[in-house]
Amino acid sequence: MRLLLAAATGAAVFATGTATAFATQTSATAVACDLNTADVTAVTVGDAYVPLKDDATVDFEATLKDAWKLAEGKVDRNITAVTAEFQRAGETTWNSATIEALPAVPAPPAAGTPATLPTADVKLKGSFKVTKDNKDGKWQVRLHVSRSSASSDSCKEVTVSPQVKYVSASVTDPVVVSAGQDTEVVVKANIIGASSVTARLFSNDSNDSIDLELSKSNTADQWYRETWFDDDYATGSWTLELVAARGKESVKFEKADTFWVQTGSSKSKKAKSRVSFDVSANKVKKGKKIRLYGKAYRGSSAYSGKMIELYSKKKGGSWKFAYFVKANGSGKFSKTVKPKTDAYWRAQVPGTSKTYGSKSGYEFVDVR
């Protein structure tokens, strides 16, 4: 199991442009966590999770209401200071958080011009840290907003996800492949706390491998992806390798499962395929690059790992094969090329005895 490092930043608290220490406070009892919308209309919080190794920095942004006022014909501060703190799940102690300084007071208008209040909301960004030893669950971020006449607190509840943890994984076993046919292979994984999971299926006896991006299912912590094997893949023992990521950290599970690929016969109905296709630019200077891309489907599912054919045709000419490109685990494919002449382009999914072939619409590229 191999860990990649996560980055974290330090913390300081600002009020009216000056860095100040924020005294740690202790609350004897938990209080309701709500926004005081007279001061703070919204608090948005980024990805929050318990890291595997290095501290994770969780960013947030607060939108302040009525931050300015008119006084003696000039714009002045209505909000004089904002400080921030956070509380961990299960604790009653508030800890200092980082928050930006309030913006500078707008310059006075030119002589004879009446002052007007800024129309844009004042938004302050902040952050707090989560360490590998902290508990996941419901945390709170609290803002203390001071005005010339009063002050108030606004609170936002934050869900901090648990550390990434591998529970189990499985692959269709055995995978039975037959000449001219595609066999469905399903990868499933139960991994807690991940925001993305990728998989690599590889033969233990050859160079054959498939890279997949797993999708999150409706069931908590369940990930899955289907792919397709044909008789070109090596038979014998295969291994499933998983990489689960959250933030800037990832962890590899080098032998999440093993399975067997063998030859056999299969009788199943032929599935339909389809393929979308587009180009990054329809006009390009000669010598410059464009991207040919799209997505392949088998039935209603992504045709992951499928080899896609790209064709081109000059005006008045016939379609000619140009490139092979392999679809990824989500059925997506992409190829960067330097077109030499004006031409139409399209993608094609080759058919097999188990899947009908299909062609995309075409795109014209004007080379100037």
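Y323 is partly exposed at 29% relative accessibility. That class lies between buried (under 20% relative accessible area) and exposed (over 50%), using a 1.4 Å probe and protein chains only. W345 is buried, at 7%. The rings of Y323 and W345 are stacked, with centres 6.3 Å apart and planes at 10°. The pair links distant parts of the chain: Y323 lies in strand β28 (residues 320-326) and W345 in strand β30 (residues 343-349), 22 residues apart. Strands are DSSP E runs of at least two residues, numbered from the N terminus.

This is a predicted model, where local features need pLDDT of at least 70 and side-chain atom pairs pLDDT 80 or more, while totals for chains, interfaces and linings use all residues. Residues are numbered from 1 along each chain, and side-chain values use heavy atoms, without hydrogens or water.

**Aromatic rings**

Rings of Phe, Tyr and Trp (its six-membered ring) pair if their centres lie within 6.5 Å; planes under 30 degrees apart are stacked, over 60 edge-to-face, the rest tilted. The count is 17 aromatic pairs. Among them, F321 and F324 are tilted, at 4.7 Å centre to centre and 55° between planes. F60, F86, F128 and W139 form one aromatic cluster.

**Charges over rings**

Here NZ of Lys or CZ of Arg is within 6 Å of the ring centre and within 35 degrees of the ring normal.

| Charged residue | Ring | Distance to ring centre |
|---|---|---|
| R274 | Y297 | 3.8 Å |
| K313 | Y344 | 5.5 Å |

**Strand pairing**

Strands pair if DSSP finds at least two bridges between them. β17 (residues 196-203) and β21 (residues 236-246) pair antiparallel over eight bridges. A199 has L242 as its bridge partner in β21. Five bridges join β17 to the antiparallel β18 (residues 209-213).

How values were computed. Helix = DSSP H or I, 4+ residues; strand = E, 2+ residues; numbered from the N terminus.
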